[in-house]
Amino acid sequence: MATQETTVASGSSYRDSLKSMDTEEHIDLAFYRPIGYAWACLAKKLGVTPNAITIASIFLGIGAGVAFYFNDLTVNIIGMLLLIWANSFDSADGQLARMTKQYSRIGRILDGLSGDFWFATIYVAICLRENATNLFFGEHPWVIWVVAVVTGLCHAKQAAMADYYRQFHLYFLKGEDGSELEKSEDLKAKLASLSWSKNFWQKLTLTFYTNYTVNQESWTPSMQALRKQLRANYPDGKIPASFRDAFRRLSLPLMKYTNILSFNWRTIALFTSLFIGEPWLYFAFELVVLNILLAYMVIRHENICKKLTKELRDGKF
């Protein structure tokens, strides 16, 4: 398979609506992407924007979370269907953006926030439900809330790092146009050029996004060293195919972990916990299984970046 994939021009085929086969997850390819593509095609005909689809997904996801509060499996199943619907819209907004080239930073921010709204509602619903139905948590109501806050912070970190590694992989696979990889210094420069009085909402959203990117970079010092070395070796930005091939070969096995840290496996764990009537077990899954996976992925990726940085300094590429 060639390293460089064709960037979407103006076509709207199903294949063009995907990010790349390297980074797509099997469940998405079998289920969410085909459904998302159908939604995207309908939205394109109706003139609906990707951001409008994202906002609709937020309401669906919140509705799902509310349904999970009830200790009633039928209502819970309705919530599961709503969450699946929400995620099909979450797939559709990105597919529509790639089909119509309606890319925007606010769209990327909204896309990230949509999942935060879904899971914040789900966490609150689980806490209220456990305090109402679980004897232990009913006697110690603060415990489940503390667990939920810690789990939410871990969830945010897991999702942020999975997205960052995916965008870094896409950068070398498809080039700058095929990735949403940003540099915090560029964002800070843009932020400094905006005025709170004249560009309030733009500056507010960019402030959050800049802090988000700074946080991602703080967890990846070896990746940042690699990016710095690439700028030193190739100031014109023309990274040779030999390096792109080498990075892709080393990074590709980690893409399955970024997918596990994303939506599908979380919902499998969530739905399982609801079916057995113990939703608090979902928190245990995120705290134990996904945190171990995150630590493994960070260590592996940092080692890859150290290896490639050394080879760049040694003039291998």
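Visitor: Which residue forms a salt bridge with R227?
Guide: This is a predicted model, in which local features need pLDDT of at least 70 and side-chain atom pairs count only at pLDDT 80 or more, whereas totals for chains, interfaces and linings use all residues. A salt bridge is a side-chain nitrogen of Lys or Arg within 4 Å of a carboxyl oxygen of Asp or Glu, and the closest N and O atoms of R227 and E217 are 4.0 Å apart. The pair links distant parts of the chain, since helix α9 (residues 221-233) holds R227 and helix α8 (residues 200-218), at a separation of ten residues, holds E217.

Visitor: Are R227 and E217 buried or exposed?
Guide: Residues are numbered from 1 along each chain as its sequence is written, and side-chain values use heavy atoms, with hydrogens and water left out. With a 1.4 Å probe and protein chains only, buried means under 20% relative accessible area, exposed over 50%, and partly exposed in between. By these limits R227 and E217 are both buried.

Visitor: How many residues apart in sequence are the parts that R248 and D22 tie together?
Guide: The side chains of R248 and D22 meet in a salt bridge of 2.7 Å, N to O. Because R248 lies in helix α10 (residues 241-251) and D22 in the segment before α1 (26-46), the pair ties together parts whose separation in sequence is 226 residues.

Visitor: Where D314 forms a salt bridge, are the two partners buried or exposed?
Guide: D314 pairs with K310, and their closest N and O atoms are 3.0 Å apart. Both D314 and K310 are exposed.

Visitor: How many salt bridges does the rule count?
Guide: E24, D28 and R33 are linked in a network of salt bridges. By the rule, the count comes to ten.

Visitor: What percentage of the contacts join residues at least 24 apart?
Guide: A contact means heavy atoms within 4.5 Å. Among contacts between residues at least 6 apart in sequence, the share that joins residues at least 24 apart is 78%.

Notes: Helices (H or I, at least four residues) and strands (E, at least two) are DSSP runs, numbered from the N terminus.
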